[in-house]
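Me: Hi! I have a structure to go through with you, and I'd like to take it piece by piece. Could you start wherever you like?

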Amino acid sequence: MKTFELIAPCHFGLEAVLKREIIDLGYEISQVEDGRVTFIGDAEAICRANIFLRSAERILLKVGSFRAVTFDELFEKTKAIAWEEWIPKDGKFWVAKASSIKSKLFSPSDIQSIMKKAMVERLKMKYGISWFAEDGSSFRLRVFLFKDQVTIGIDTSGDSLHRRGYRTLTSKAPITETLAAALILLTPWKGDRILVDPFCGSGTFPIEAAMMAANIAPGMNRSFLAESWTNLIPRKEWYDAVNEANDLVDDTVQTDIQGYDIDEEIVNAARANARAAGVEHLIHFQRRPVAELSHPKKYGFIITNPPYGERIEEKRNLPQLYTQIGERYRALDSWSMYLITAYEDAERYLGRKADKNRKIYNGMMKTYFYQFQGPKPPARKRPDGEMYAEK
């Protein structure tokens, strides 16, 4: 089967997580850049990547790359691409997004308009028609310019992959599903370990964790733009990928995943979202302030997204809040804590310097992923009697 270069954008700072996910799916990485990973795959890979990848924002089918420093050059080199290999005669096509960094061409609207004209000219010539109905399948392009290098991808996903389909109700400052999943994947947490989110909001961390524990693929219950591209991807590839995902689900798994929030309405919203994701039975949600955070067992994980204090009146409360988080964490014997926040005094009030600190961009906001690592639990006994240690 024909292979393509596929581009998977992700949050800045989480490229290594996405790279590992792609390798685990069985595909070869061709390039890792800030905010995106490029890999090699066929039509089946487009389906499987959309359905299985937890930390990717979308999957783009790379159709061309070239250098352009003038709009004439952009037009001619766009026109030189064999668009007829990708877009059928009745296809609806447009440049949905253009971004430019350190390039001479920097106006997104001009880039979009010129590239659309170039595509029309090429397809008019190849199809021998002067007008396009554009009433068929949609082909949405995304274009990146970096240091005058133009990279063009056709969006196979449609809605961003963070839209899993389960989150109909959100809290005031929700964390996206893809970011939450990537942060969990950065920790040593596994489905048989304790996980508590004391600021669960709409439940994203607990729900993503429960989906991992039950081996539920994040894209199982949604649709993708490329499903209608029968000229490129046989429908059978989508059916096969969904069947593969269904075969891997084990929602009978035993978990200890808990989500707390001080707002009863938000807790109810989190329960509804968990129900929509099919994991309500794997999570215990409860209205509980962080001051009452406790757990009788050892070696658990706190993974959370506490308030950042974006409004001035909220900022005043942050020292007390983060002091409280630090106190409750110290009271938990042998636990680890992983906390994402934009609050730069977090370590000071938590009362401890993080073992690791990773800078991650949440949209345009610079945040820090503070990692406080507890001890590994003692070796466990397998059903066959052999001892094994936690990784």
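Reply: Happy to. Let's begin with Arg352, which lies in the loop between α11 (346–350) and β13 (356–362). Helices (H or I, at least four residues) and strands (E, at least two) are DSSP runs, numbered from the N terminus. Two notes on the basis: this is a predicted model, where local features need pLDDT of at least 70, side-chain atom pairs count only at pLDDT 80 or more, and totals for chains, interfaces and linings use all residues. Residues are numbered from 1 along each chain as its sequence is written, and side-chain values use heavy atoms, with hydrogens and water left out.

Me: Thanks! Is Arg352 buried, exposed or partly exposed?

Reply: Arg352 counts as partly exposed, at 33% relative accessibility. Buried means under 20% relative accessible area, exposed over 50%, and partly exposed in between (1.4 Å probe, protein chains only).

Me: And what does Arg352 touch?

Reply: Not counting residues up to four places away in sequence, Arg352 touches Tyr329, Glu347, Phe372 and Gln373. Contact means heavy atoms within 4.5 Å. Arg352 and Phe372 are 20 residues apart in sequence, and their C-alpha atoms are 8.7 Å apart in space.

Me: What is Trp83 in contact with, leaving aside neighbours within four places in sequence?

Reply: Trp83 is in contact with Val63, Thr78, Met119, Arg122, Leu123, Leu141 and Ile152.

Me: Ile152 again! Where does that one sit, and which residue is its bridge partner?

Reply: Ile152 is in β7, and its bridge partner is Val143. Strand β6 (residues 138–146) runs antiparallel to β7, with seven bridges joining them. Two strands pair if DSSP finds at least two bridges between them. There are two residues between β6 and β7 in their hairpin, and Lys147 in the turn has a positive phi of about 50 degrees.

Me: Which other strand is joined to β7 by seven bridges?

Reply: That would be β4 (residues 60–67), which also runs antiparallel to β7. Lys62 stands opposite Gly153 in β7. Strand β7 (residues 149–155) is largely enclosed by the rest of the structure, because six of its seven residues are buried.

Me: Changing topic: how many aromatic pairs are there?

Reply: The count comes to 11 aromatic pairs. Rings of Phe, Tyr and Trp (its six-membered ring) pair if their centres lie within 6.5 Å; planes under 30 degrees apart count as stacked, over 60 as edge-to-face and the rest as tilted. Phe4 and Trp86 have ring centres 5.9 Å apart and planes at 55 degrees, so this pair is tilted. Phe4 lies in strand β1 (residues 4–9) and Trp86 in the loop between α3 (71–79) and β5 (92–101), so the pair ties together parts that are 82 residues apart in sequence. Phe4 is buried at 9% relative accessible area, and Trp86 is buried at 8%.

Me: Nice. What about Phe301 and Tyr338?

Reply: Phe301 and Tyr338 form a stacked pair, 6.0 Å centre to centre with 15 degrees between the planes. Phe301 lies in strand β11 (residues 301–304) and Tyr338 in strand β12 (residues 336–341), so parts 37 residues apart in sequence are tied together.

Me: Which charges sit over rings?

Reply: Among them is the charged end of Lys92, which sits over the ring of Trp94 at 5.4 Å from its centre. Arg288 lies over the face of Tyr260, 4.3 Å from the ring centre. The rule here is NZ of Lys or CZ of Arg within 6 Å of the ring centre and within 35 degrees of the ring normal.

Me: Last one: how many disulfides did the search find?

Reply: Zero in the whole structure, where a disulfide is a pair of cysteine sulfur atoms within 2.5 Å. Cys47 is buried at 0% relative accessibility, and Cys200 is buried at 5%.
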